[in-house]
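Please look through the structure below before reading on. The paragraphs that follow lead from a pair of helices to a sheet and its neighbours.

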Amino acid sequence: MSRVPVVLAGARGHGRWHVANIRRLEKAGLVRLAGICELTPLTEQEAGGEVPEQSTDFGALLDSTGAEIAVICTPIPTHTDLALTAARRGVHLLLEKPPAPSYAEFRRMADGVAEAGVACQVGFQSLGSHAVRAIRELVAQGAIGEVVGVGGAGAWVRDEAYFRRAPWSGKRRLNGADVIDGALTNPLAHAVATALALGGTARAEDVTGIETELSHANDIEADDTSCVRIGTARGHRVTVAATLCAERADEPYVLVHGSSGRVTFWYKQDRVLLQRGGHGPEEFHHDRTDLLENLVDHLTTGVPLLVPPDETGAFMRVVEAIRRAPDPEPLPAAAWHRVPGEDRRVVPGVDALVAAAADTLALYSELGAPWAPRTEHPRDEVSTR
């Protein structure tokens, strides 16, 4: 089998992970790194080996390399146009999350990709975990009774330099274009997407309403401490709480609440804990399928894609609700402090609030956080304008 030629757009920052992953699959004989699209050319060390063809012109690079797959890991506002540039050339896609900064841009991308007849995989790597299928099977078997809700928790630490890593970092808009680089929509987007997927609420039409509470301790436009509660067509709620101002960094997780038990999924570790009445706790570790490898398998053998665009529609409804919400409120100076020598801001007590939100499906304001914004949002409709 010949190796599939791949072009990577965006090879620095998080793109370095994609360089390493493509090289890994190259050694396995599955793909070939045919080109890199970057504003500044990569060195041999940065490219992880022999430097392929490089260009700042994405379309021209796809043409000259004969690429069959494009991996897009560029600033969020560029995703849709670059995806459509590839799709019009018949080039299949691995598109980093979030796939777009608004629901309208997401639909423009997804509809254009479908019209072009190319495959598109959205880069929610957590949904490649075999734990996702295993948890769905546990739920279907009634291991925890009826699902009554899903919680998600992400307590992370980011220094102030993180919000200066790129011109669009921490922005809601840049030069008139939506960015929406908040805690729930970018760094902890996997918590939202995974919670929705485990609750059977992956598609746009599965969402019935969204409530948001958005705030920031850092000097940014977007949110760094926020929570969202999503109403679903299945009748249960999905609440995800996140912060980049934690006292201590912790592993993010999703918690599926059942009428007679619960399942906790630490999605970065592919680790699952099953707790149910009449049984001791049971822990499982699972493998995961790499999303680029799954895309190659889809093209060569016809296996289903793990994360096609329509399976991220519910997540994009959340992005749209956050985009349309009032701008996040700055936390009062008394609500946060700097950690000496670490150049980061901490919100005391937020770690416990994040965990409590996932455990109770309540919002920060309902948990008594004195700094939580009290904003009213429709609970029974979701706009996509």
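How are α7 and α9 placed relative to each other, oblique or roughly parallel? In this predicted model, the axes of helix α7, which covers residues 189–198, and helix α9, which covers residues 313–324, come within 9 Å and cross at roughly 130°. Angles over 145 degrees would count as roughly antiparallel and those from 65 to 115 as roughly perpendicular, with the remainder called oblique, and α7 and α9 are therefore oblique to each other. The crossing of these two helices, α7 and α9, is right-handed. On the side of α7, the contact is made by Ala-189, Val-192, Ala-193 and Leu-196, while α9 contributes Ala-314, Phe-315 and Val-318.

Six strands form an open sheet with parallel pairing, and their order is β3-β2-β1-β4-β5-β6. At its edges lie β3 (53–55) and β6 (120–122), each of which pairs on one side only, and from one strand to the next the twist averages 20°.

Within this sheet, strand β1 (residues 4–9) pairs with strand β2 (residues 31–37) in the parallel sense, over six bridges, and Val-4 stands opposite Val-31 in β2. Helix α3, made of residues 58–65, packs on the sheet, where it touches β1, β2, β3 and β4 (69–72), and the direction of α3 makes about 150° with that of β2.

Notes:
Residues are numbered from 1 along each chain as its sequence is written. This is a predicted model: local features need pLDDT of at least 70, side-chain atom pairs count only at pLDDT 80 or more; totals for chains, interfaces and linings use all residues. Side-chain values use heavy atoms; hydrogens and water are left out. Two strands pair if DSSP finds at least two bridges between them. Helices (H or I, at least four residues) and strands (E, at least two) are DSSP runs, numbered from the N terminus. Axes are lines fitted to C-alpha atoms, for helices over the stretch in contact, and angles run from 0 to 180 degrees between N-to-C directions. Contact means heavy atoms within 4.5 Å. Angles under 35 degrees count as roughly parallel, over 145 as roughly antiparallel, 65 to 115 as roughly perpendicular and the rest as oblique. A crossing is left-handed if the near helix is turned anticlockwise from the far one by less than a right angle, and right-handed if clockwise.
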